[in-house]
Amino acid sequence: MQFYLDGYKPGDPFVEEPHPSVAERPSGLPEEADVVIIGCGPAGLVLAAQLAQFPELRTVIVDRRDGPLEVGQADGVACRTVEMFEAFGLADRLVHEGYQVNEVTFWRPDPERSGSIVRTGRVDDVEEGISEMPHMIVNQARMLAYLREHMRRSAARAEPFYGLHVTDVRVDTADADEHPVTVELQHVENLEPTGETSTIRAKYVVGCDGSRNGTREAIGRRLEGDATDSSWGVLDVLAVTDFPDIRLKSAIHSEQGSILIIPREGGYLVRLYIELDNDRDGEMLRNRSATPEKLAAVANRILHPYSIDVKHVGWWAVYEIGQRLCDRFDDVPDGESGTRLPRVFIAGDACHTHSAKAGQGMNVSMADAWNLGWKLGTVLRGTSPAEVLRTYSEERQRVAQQLIDFDREFAALFSAHSDDGEGGADPERFQRYFREQGRFTAGVAVRYGPSILTAASPHQSLADGFSLGMRFHSAPVIRLADAKPVHLGHAARADGAWRLYVFADRAHPASSDSRLRDVAGFLASAKSPITRFTPPGADPDSVIDVRAVLQQGHRDVTVDDLPPVFLPRKGPFELVDYEKVFCADSADDIFDLRGLDRDRGALVVVRPDQYVANVLPLDAHDELIEFLRSALVEVATPMAPSGQDELDAVTTS
C-alpha cells in the first residue's frame, strides 16, 4: 500500500488524514445527507465502507439496534468476497483470523451396517486456480468490525448512528430540490421508542435492513416466493466428539436426517446445520420450544454411531427454508425505467432470501453493496452520469435470481432422503452437484450482460482469460520498479476508479516499433480519456488508473525505458508513482495464464468493482473513448495532458 503522498507524518500510516469537510460538520444526526444507509449488516457496512472512500460526501448510516452486532449469523466468506476485502485492505486480517476451508467430506448411510454412516467422498473445497484467495469461515460480527474500523480510519471518519428506527421513506418526484427523499426516524432504546423523532432529507437512500424491510415496503416492493416445509437448527458449539471429520467441512446424510458441519475459526468452535424432521421433531417446531439441548439431541440422532457432547453454545437459531425475491431493487415503477432515475435502493436480505447452507447470503449481500456503492459515489462526485444507477437493479436482480434457482436445487438435494428413483436422495449426485457448482459458490461465476458499463466486445479473443462481464481474474506478476512479486488484481483499491490494463505486445517498450509506446502517446495526449474525464486538479489516476504489463522479464527492462504516462506525477509535491508497471512472472506467466495475445497485446478496461468492462486492441483509441463516454462524464475544462513533449518524441520517432 502507498502512503506519504502528501508529506511524511509519524504514526500509523493507514489512518488517513480527515477530509476538511469532516471538521466542518456538526456533531449528531444531520438534517441533510447525500446518502442515507438503513441497516448496519453486511450490505449496509460494505456500502458505507465504499462511500467512506468519497469523504467529501455526507453519508449517514443508521441502525435500530443499540450498538454493533456481537454474535453473527452468517460465517462463510467466499473467495470472491475475500478478493473484495483485499480491495479495502482487509483481506490479510480476515485470512489470518479465519478458518480456511480446504476440503469437504461426504457421508452417507453405510450399506454394510444399518444405522451407521460411512465416508463416501472427499474433494477440494475450491477448484484449483479459480482464485488466489481461499474460502474462509469468519463470524459475521468480526467481518462487520473490520468494516467499521476501516470507516473510522478513512478520511471520512464515518461512524454509524445506533438506536434509530426508520418509520417512513418518501420520494417527492415533483420536487426539483437536490434532496428529494425524506427519511423519518424514531429514536429507540432496547428497540423501544423513546418518544423522540428526527427527519433527514437525502439525495439517495439505501435500505439494507433485512428481510423485514421497511424501505422495501415504502417503495412498494414485495418479496415473492414460497417457504418450504423444511426447518433447520443451527448451533455454534464447543464440543467433544468421536466424529473424525469434525475439523473438515462435512455433508452428512444418514437414515435419521442430514447435518452440515462447518468448522469455525479458533481451532475449537464448530457450526452444525441440523435438519429437523417434521414428524419426530414436529412438536418442537409447532410449539417453538426448540432449545440448544434439543437440537444437540437431534444432531446425535443423525450422527449415530458417532456422538457429540456439547460443552458450550455460542449461538443458536431455528429457521425455515424459503426462497424469495423482489422483481426490482429500486423505487422506479414498472414501465418508467427508461424515463425515471432511481432514488431509493434495497440490497441484501431486503431483496432476496434463501437458505443458509450454501453460504451465499452474506456474500451476495456484500456484492450487492459494492456494485451500488461505487456507482453512488461517482455519480455524486460528478465523474459518472446518473444513468449508471439504473444498472444496479438490472445487474444484481439477475444474480439474485440465479442464487434463488441454485439454492432451491441445492437445498432439495441436501434434504432428500430415500433413493427410490423418483427424485430421492442420491449422495453421488449431491457430491457431483457440489463440485460442478463450485465456481458459483466461490462467487466467481457472476457475469454481467452488456450495458453502458459492460461492452459486447468483438475483441474477446485478445484476452480470453478476462471474460467480459466477469470479475478481473488476478494473476502473479513482478512489479518492475522494485522487483516485488505481487498479484496484479491487488493493485486496485476500492476507490471508485476505473482500471485500464495495457498488456503490451512482444516489442521492448523502448523500441520504436513498440505498440505500447503508441498507446502511451495516445494516453498522454489531449485526446486521452485521462484528459477528457479527469477533473482539473485531481490526480491523473483518480478516475482512470492506467497500469502496464510487459512481456519482458523485470531484469530486461528499466524504469528509464518507460513512457512517462506510466510514471504519473501525483499529489502536492508531484511525486512519481513507480507502481504502475509490471512484468510477467516467468514461473506463472500472466500472458499464458489469461490467454493474452502476445503479438497484438490488449487493452482491458475494468470497472471500479473489478468486473471486466471491455477488451480492445492497443490501437482502438476511438472505441475506448466511445465506450467510456457512456460510463464517465466528460469534463468541461479538461486537465492538461501529461507528457506532451514525450508524445512528440514518440510521434517523430
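User: Is C79 buried or exposed in this model?
Analyst: Happy to start there, and keep in mind that this is a predicted model. The relative accessibility of C79 is 1%. Buried means under 20% relative accessible area, so at 1% C79 counts as buried.

User: What about C583, buried or exposed?
Analyst: Let's apply the cut-off again: under 20% is called buried. C583 has a relative accessibility of 0%, so C583 counts as buried.

User: How many disulfides does a search of the whole structure find?
Analyst: A disulfide would need two cysteine sulfur atoms within 2.5 Å of each other. When the whole structure is searched for such pairs, the number of disulfides found is zero.

User: In what order do the strands of the open three-stranded sheet lie?
Analyst: As background, strands of a sheet pair through backbone hydrogen bonds, either parallel or antiparallel. Here the pairing is antiparallel. The edge strands, each pairing on one side only, are β3 (76–77) and β4 (99–101). Reading across the open sheet, the order is β3-β7-β4.

User: Which residue in β7 is the bridge partner of V101?
Analyst: Strand β7 covers residues 135–137 and runs antiparallel to β4, with three bridges joining the two. In β7, the partner of V101 is H135.

User: How many residues of strand β15 are buried?
Analyst: Strand β15 spans residues 270–276 and is mostly covered. V270, L272, I274 and L276 point one way, while R271, Y273 and E275 point the other way, and all are buried. The count of buried residues in β15 is therefore seven of seven.

User: Which residue of β15 is the bridge partner of I261?
Analyst: Strand β14 (residues 257–263) pairs with β15 in the antiparallel sense, over five bridges. The hairpin they make has six residues between the strands, and there G266 takes a positive phi near 100°. Back in β15, the partner of I261 is L272.

User: Is the peptide bond from H304 to P305 cis or trans?
Analyst: P305 sits in the loop between α8 (292–303) and β16 (308–325). In general, most peptide bonds are trans. The bond from H304 to P305 has an omega near 15°, and it is cis.

User: What is the phi of R288, which is not a glycine?
Analyst: You can find R288 in the loop between α7 (282–286) and α8. With a relative accessible area of 78%, R288 is exposed. Most residues other than glycine have a negative phi. R288 has a positive phi, of about 50°.

User: And what is the phi of A483, also not a glycine?
Analyst: Look in the loop between β19 (476–479) and β20 (484–487) for A483. A483 is partly exposed, as its relative accessible area is 37%. Its phi is positive, at about 60°.

User: How much accessible area do M1, F3, Y4, Y8 and F14 have together?
Analyst: M1 is found in the segment before α1 (20–24). Since exposed means over 50% relative accessible area, M1 counts as exposed at 65%. The five residues M1, F3, Y4, Y8 and F14 form a nonpolar patch on the surface, and their accessible area together is about 570 Å².

User: How far apart are the end C-alpha atoms of residues 446–633?
Analyst: An unreviewed UniProt entry places the feature "domain: Phenol hydroxylase-like C-terminal dimerisation" at residues 446–633. In the model, this span is 15% helix and 21% strand. Its end C-alpha atoms lie apart by 27 Å.

Definitions and conventions: Residues are numbered from 1 along each chain as its sequence is written. This is a predicted model: local features need pLDDT of at least 70, side-chain atom pairs count only at pLDDT 80 or more; totals for chains, interfaces and linings use all residues. Side-chain values use heavy atoms; hydrogens and water are left out. Patches are made of residues with over 30% relative accessible area and no salt bridge: like charges are joined within 9 Å, nonpolar side chains (Val, Leu, Ile, Met, Phe, Trp, Tyr) within 5 Å. Accessible areas come from the Shrake-Rupley method with a 1.4 Å probe; for residues, only the protein chains shown count as cover. A salt bridge is a side-chain nitrogen of Lys or Arg within 4 Å of a carboxyl oxygen of Asp or Glu. Helices (H or I, at least four residues) and strands (E, at least two) are DSSP runs, numbered from the N terminus. Buried means under 20% relative accessible area, exposed over 50%, partly exposed in between (1.4 Å probe, protein chains only). Two strands pair if DSSP finds at least two bridges between them. UniProt positions are given in the numbering used here, feature names are shortened, and annotations may be inferred rather than shown by experiment.
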